[in-house]
Amino acid sequence: MPGVNNLIVLVVEDDDFQRLTLVQMLRVLGVQEVLEAGDGQQALALLSSLSPLISVVICDLEMPNMDGMELLRHAGQAQNPASVIISSSKDQALLDSVGVMARAYGINLLGVIKKPATLKNLGSLLDRHVPLKRKDVDALKFTLSEVLQGVSDKQFEPFFQPKLDSKTEKLLGAEVLARWYHPEHGLVYPYAFIPQLEKDDHIVGLTMLLLLEKAAAACRTWRERGLDLTVSVNISLASLNDTSIADQITDVVRLAGLDPRHMILEITETMIMQEVGPALENLARLRMRGFGLSVDDYGTGYSGLQQLMRVPFTELKIDQGFVTDCSTNAASRTVVESSIAMARRLGLKTVAEGVEGQAEWDILKAAGCDMVQGYFIAKPMDNLMFLNFWAANNANGNSHGK
Ligand code: G
Ligand code: G
Ligand code: MN
């Protein structure tokens, strides 16, 4: 279990026996250090004095003094970086509801365990924390003004992660992921700067002025060389509150010489329905201009299908949290397969992100998923590397170059 041994985990549980059991299971799983609290108050004290050292909190719901819901509210409001696993014996509907609440408070929820926990479900939820560790470390390094300085110094560049046809293995396009070439720290990942920008609505400037333009220009040059590729860009929902944004996006892309039909805008599912009116106005306008619209991180949010269907989406991207372990976790596989079936009936193209092995790819292919993206195919890379990737993919008769 890679990474688990670096974790510091806090167990919040009022029942001594259950707490001890959890602590022992965590030790068996190889967790480096386990801290204990008997109620929300003790937990909050530990969290505020030891943040950001505590990586994961395993939290019971019913406890004396301060219950789990209140603890999660305080932790969320304090923007504590720890990830959370909720553990309770309550029924599933109640647990799901508290899960939605936790996310609404800004908690990074790894999942919910119905007691008693097993080594297997505890281990697989802890595993989900691993990709976020970078976030906890990096996100604290830069202030908003440092990030904005980097933006105005044009230190941000698009990286490209290939999207392949899952059956033919042909390269179809790439998702743009922002990278910061920091003069001292080298290559910095989005976890370290996107949250700051998002909170202050500055993301508009980064996405629009820099990355959108660079992404469109790159895609134009690919197409000029005869490569029939699309480019996908992540759009923050915050930017869709401004009703002029569809026009601004269209202008930037057209000025860079790209037809909007060759660009897909990815919108994170968790954020889809904040300000309904302006967001829908922008999305309808973008769709009319020819942009593809993709539901990003599908399965992590809590927007119901009805909400999802209000937006004229063209593509659905299944979150990596389900894709990565779909060959070993039956629940993940169910989510993956039913999402693909649903998307198909809704007339949406499907993309699986976070494909890390052949076994997962095979499952996706069999389930009818249209496209695959993930480390097994390639990590995000700069434009030059991306062109090399295209050449290798093309030369190998679309063998993905492993
Ligand atoms: O590589 P990865 O660590 O690149 O990206 C982490 C997260 O940051 C992803 O969920 C991705 O959607 C987000 N992200 C990356 N680049 C951009 C960007 O240009 N704009 C926005 N809004 N989000 C981005
Ligand atoms: O916004 P979105 O979730 O689409 O961003 C994709 C994120 O997933 C990026 O941070 C990217 O670097 C990361 N990523 C892409 N492929 C894989 C993969 O195979 N495994 C993991 N763990 N992360 C991946
Ligand atoms: Mn994305």
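How many of the residues in the chain are buried, as a percentage of the 402 residues? Buried residues make up 51% of them, and I would like you to keep that figure in mind while we go through this structure, which is a predicted model.

Let me begin with the chain as a whole. It has 16 helices and 14 strands. If we take the contacts in the chain with a separation of 6 or more, residues 24 or more positions apart account for 71% of them.

From there we can go to the interior. As a general point, nonpolar side chains in soluble globular proteins tend to be buried together. In this model the largest nonpolar core has 63 residues, and those with the most contacts inside it are W222, V231, I249, M263, L265 and L364. The element that gives the most to this core is helix α9, residues 203-224, with six residues. If you look at W222 and set aside residues up to four places away in sequence, you will find that it touches F160, A174, L227, L229, T230, V231, N383, F386 and L387. Apart from this core lies another one, of 24 residues, which includes I8, L35, V84 and I86.

Now to the metal site. Which residues coordinate the manganese ion, ligand 3? They are E175, through OE, N234, through OD1, E266, through OE, and D296, through OD, at 2.1 to 2.3 Å. Along the chain these donors follow the spacing E-x58-N-x31-E-x29-D. Two of them show how distant parts of the chain are linked here, since N234 is in strand β9, residues 230-235, while E266 is in strand β10, residues 263-268, and the pair is 32 residues apart.

E266, by contrast, has a relative accessibility of 1% and counts as buried. E175 is also buried, because its relative accessible area is 4%, and the cut-off for buried is under 20%.

E175 is found in strand β7, residues 171-182, and its side chain makes a polar contact of 2.8 Å with the side chain of K317. A polar contact of 2.8 Å also joins the side chains of E175 and Q373.

Ligand 2 comes next. Of the 15 residues around ligand 2, those that come nearest are D297, Q320, E353, E356 and Y375. An oxygen atom of ligand 2 is 2.7 Å from an N or O atom in the side chain of Q320, and for Y375 it is a backbone N or O atom that lies 2.7 Å from an oxygen atom of the ligand. In the case of Q161, an N or O atom of the side chain is 3.0 Å from a nitrogen atom of ligand 2.

E157 lies in strand β6, residues 156-165, and has a relative accessible area of 29%. Where does the chain bring E157 and K214 in space, given that they are 57 residues apart in sequence? Their C-alpha atoms are 7.6 Å apart, and a polar contact of 2.9 Å joins their side chains.

The other residue is D370, which has its place in the loop between α15, residues 358-367, and β14, residues 371-373, and which is partly exposed, with a relative accessible area of 28%. A polar atom of the D370 side chain lies 2.9 Å from the backbone nitrogen of T350, and T350 is also among the residues in contact with D370, together with L164, D165, S166, L348 and K349.

Terms used:
Residues are numbered from 1 along each chain as its sequence is written. Chains are lettered from A and ligands numbered from 1 in the order in which they are written. This is a predicted model: local features need pLDDT of at least 70, side-chain atom pairs count only at pLDDT 80 or more; totals for chains, interfaces and linings use all residues. Side-chain values use heavy atoms; hydrogens and water are left out. Donors are N, O and S atoms within 2.8 Å of the metal (3.2 Å for Na, K and Ca); water is not among the atoms, so sites may look incomplete. Helices (H or I, at least four residues) and strands (E, at least two) are DSSP runs, numbered from the N terminus. Buried means under 20% relative accessible area, exposed over 50%, partly exposed in between (1.4 Å probe, protein chains only). A nonpolar core is a set of buried Ala, Val, Leu, Ile, Met, Phe, Trp, Tyr and Cys residues joined through side-chain atoms within 4.5 Å. Contact means heavy atoms within 4.5 Å. A residue is near a molecule or strand if one of its heavy atoms lies within 4 Å of it. A polar contact is a pair of N or O atoms within 3.5 Å; within protein, one must be able to donate a hydrogen and the other to accept it, and residues adjacent in sequence count only if both atoms are side-chain atoms.
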